[in-house]
Amino acid sequence: MMRARRWARDPVAVGLVIGFLADRAFGDPRRHHPVAGFGQVAAHVEQRAHAQSRGRGALAATSLVSATVVIALVERRLPTPARVLVGAAATWAVLGGRSLEREGDAIAELLGADDLTGARLRIRNLVGRNPSNLGADEIARACVESIAENSADAVVAPLFWGAVAGVPGLVGYRAVNTLDAMWGHRNDRYREFGWAAARLDDVANWLPARLTVGLNTTIAAGFSGLQGAWDVVRTVQRDAPAHPSPNAGPVEASWAAALGVRLGGTNHYDGVDEDRGHLGDGKPVSAADIPRATRHLRRLSTAALLTVVGARVASRHWPQRAPRTR
């Protein structure tokens, strides 16, 4: 009874759980998605503010993120039942785990049917690399790498920042991540203007990426004991530095070890070949590994929810030391 009352006093925790279950049941909202609406506003701001200037880009990015967080702060003035509903809706809107699994399952089905053309079209929903010349195994690798990287971006990080800061944390993080997806490219248009958006995303994902590595280590230990956990730690320490991203590198390396596959290699982006190193000691990815990746994502997502919500509830109700009196 006491535990139930504690949960009821924390609308953020309850909203996170309900929103997570909504994402599991329905995936992303199919119409009037709030993230798409934010993207339209950001595109309008870009049209007016774009210049080959880091300062202009930083001002545009911080203004959009700050405005989003300020609007979300209104939630804290609502009564508790309304806060739960708003928190659940925000969690559902910013999470992408279920939709990520559906994309993976669809690509696995196309590859299983030898529909290479359909798989090349479908993989565009997940990756920015050019898939026109990719074979079946390269499409499978691209799919597993996207599931791995987005496990942090679309699941662990939103839950983490939601547990830390409630609805403002949820929507603020998603605003940062969306701007990075729109502006954080290394091409001529965004190299300067998108610099701040990319750096904000690096900062926002630093802790969640390491939490993802920790969760993968724990899951590997559950399946393979201490050797499985050590394989994840060793692979991350050895291989992650070869990846150009300070956050995607550790995350993808931990996934490679947890799945027993080899990720990484050379990818083609916007006319540029990017070497992402080799991550893991396992076999090259094949289409058969995609269902394994989606199952692992479900385990990781559940572990992330239990971890961050449990930590939030425990921290908020930890016994306070009485002040010392003279």
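Contact here means heavy atoms within 4.5 Å. The model is a predicted one, and I start with a single residue.

Ala108 lies in helix 6. Leaving aside residues up to four places away in sequence, Ala108 touches Ile290 and Pro291. Its relative accessible area is 14%, so Ala108 is buried. For a sense of distance, Ala108 and Gly27 are 81 residues apart in sequence and 18 Å apart in space, C-alpha to C-alpha.

Now the helix around that residue. Helix 6 covers residues 97–112, and its 16 residues should span 22 Å at 1.5 Å a residue; the end C-alpha atoms are 23 Å apart, which agrees. Its buried residues are Gly97, Arg98, Ser99, Leu100, Glu101, Glu103, Gly104, Ala106, Ile107, Ala108 and Leu111. What do they pack against? The partners are helix 2 (11–26), helix 7 (116–123), helix 8 (136–183) and helix 11 (289–316). After helix 6 comes Asp114, with a positive phi near 60 degrees.

Next, the core. Which members of the largest nonpolar core touch the most other members? In this core of 57 residues they are Ile107, Ile123, Leu159, Trp255 and Ile290. Helix 8 supplies the largest share of this core, with 14 residues. Ile107, one of the buried residues of helix 6, touches Arg122, Ile123, Leu126, Ile139, Cys143 and Ile290, again not counting residues up to four places away in sequence. There is also a second, separate core of 17 residues, and it includes Ala60, Ala61, Tyr190 and Phe193.

On to the rings. The count comes to three aromatic pairs. I will show one of them: the ring centres of Phe26 and Trp92 are 6.1 Å apart and the planes are at 55 degrees, so this pair is tilted. Phe26 lies in helix 2 and Trp92 in helix 5, residues 80–94, so the pair ties together parts that are 66 residues apart in sequence. Are these two residues buried or exposed? Phe26 counts as exposed, at 53% relative accessibility, and Trp92 is partly exposed, at 26%.

That brings in helix 5. Helix 5 has 15 residues and reaches 21 Å from first C-alpha to last, close to the 21 Å expected at 1.5 Å a residue. Buried in helix 5 are Arg83, Val84, Gly87, Ala88, Ala90, Thr91, Ala93 and Val94. Their cover includes helix 2, helix 3 (34–49) and helix 8.

Two cavities of 30 Å³ or more are counted. The largest cavity holds about 40 Å³ of space. Its lining consists of Pro11, Val12, Leu16, Glu75, Arg83, Gly87, Thr91, Gly166, Val167 and Leu170. Helix 2, helix 5 and helix 8 each give two or more residues to that lining.

Technical notes
Residues numbered from 1 in each chain as written. Predicted model: local features only at pLDDT ≥ 70, side-chain atom pairs only at ≥ 80, totals over all residues. Heavy atoms only, no water. Helix = DSSP H or I, 4+ residues; strand = E, 2+ residues; numbered from the N terminus. Expected span 1.5 Å × (residues − 1). Buried < 20%, exposed > 50% of the residue type's maximum accessible area, 1.4 Å probe, protein only. Core = buried A, V, L, I, M, F, W, Y, C linked by side-chain atoms within 4.5 Å. Phe/Tyr/Trp six-rings, centres within 6.5 Å; stacked < 30°, edge-to-face > 60°. 1 Å grid on protein atoms, 1.4 Å probe; cavity = no way out; pocket = protein on both sides within 12 Å on 5 of 7 lines; lining within 4 Å. Points joined across faces, edges and corners; volume = space filled by probe spheres on them.
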